[in-house]
Amino acid sequence: MQDQETRIVRENGLEARIAAMIEPAIVDLGFRIVRVKLSGVDGMTLQIMAERPDGTMSVDDCETVSRAITPILDVEDPISQEYNLEISSPGVDRPLVRAVDFIRWKGHLVKLELAVPRDGRKRFRGEIRDVDGGDLVLRLEDLPDDGDPDIRLSLADMAEARLMMTDALVEASLKAEKAARRRAAANGSGDVEGA
């Protein structure tokens with residue numbers, strides 16, 4: 001089975017319970033959860049963000065995941081009111097939830113929030129330089145007047161991290177999508193959308 005690396009950014013409360021319910025079925029299909037989120041958009045919406053280990057997720061993949069988890073949610077009934085189920089890919093300005101996500105998007109800009117402040121600060125923006133052991137090496141956007149512009153942040157302390165939309169990110173995403181389409185065509189598995 002392909003990489004199913006543990007998420008470092010995870011849900012809490014009801015969202016965590018839902019993730020635990022549906023994750024085995026999603027993994028069995030060859031996908032992995034990126035995020036489970038409940039929101040009040042258009043009534044109540046349960047968003048399940050998922051992807052293949054290579055970062056791709058097609059419309060057909062979304063339908064496959066939906067068909068697999070809907071019976072689980074119907075039986076377990078974790079949400080006490082009506083809700084809309086939304087299955088989606090992470091998108092271009094995706095959340096980064098695994099160490100491999102930071103490695104894959106090295107050189108791109110990220111904004112992140114720590115669960116625990118570092119030197120009185122929780123929010124950071126900058127370029128992903130490296131992942132070294134359990135640390136993210138980040139080149140700060142707001143470079144300090146003194147000292148090293150690179151800071152080490154523990155991945156275990158991440159509360160949230162998301163890629164920032166840039167021309168370079170869009171270009172890299174398009175290249176990754178084209179490569180995924182070529183791989184899918186070579187494997188005879190059809191069309192792949194998203195990266």
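This is a predicted model: local features need pLDDT of at least 70, side-chain atom pairs count only at pLDDT 80 or more; totals for chains, interfaces and linings use all residues.
1. Strand 2, which spans residues 45-51, is mostly covered, with seven of its seven residues buried. Thr45, Gln47, Met49 and Glu51 point one way from the strand, while Leu46, Ile48 and Ala50 point the other way. In a regular strand, side chains alternate between the two faces of the sheet.

2. Strand 2 has pairing partners of both senses: strand 1 (residues 32-39) pairs with strand 2 in the antiparallel sense over seven bridges, whereas strand 3 (residues 84-88) pairs with strand 2 in the parallel sense over five bridges. Within these pairings, alanine 50 of strand 2 is the bridge partner of isoleucine 33, and isoleucine 48 stands opposite isoleucine 87 in strand 3.

3. Together with helix 2 (residues 59-76), strands 2 and 3 make a β-α-β unit, and this unit is right-handed. The buried residues of helix 2 are Asp61, Cys62, Val65, Ile69 and Leu73, and what covers them includes helix 1 (13-28) as well as strand 2 and strand 3. An α-helix has 3.6 residues a turn, so residues three or four places apart point the same way.

4. The 18 residues of helix 2 reach 26 Å from the first C-alpha to the last, which is close to the 26 Å expected at 1.5 Å a residue.

5. Just after helix 2, aspartate 77 takes a positive phi of about 50 degrees.

Conventions: Residues are numbered from 1 along each chain as its sequence is written. Side-chain values use heavy atoms; hydrogens and water are left out. Buried means under 20% relative accessible area, exposed over 50%, partly exposed in between (1.4 Å probe, protein chains only). Helices (H or I, at least four residues) and strands (E, at least two) are DSSP runs, numbered from the N terminus. Two strands pair if DSSP finds at least two bridges between them. A crossover is right-handed if, with the strands pointing away from the viewer, the path from the first strand over the helix to the second runs clockwise. The expected span of a helix is 1.5 Å times one less than its number of residues. Contact means heavy atoms within 4.5 Å.
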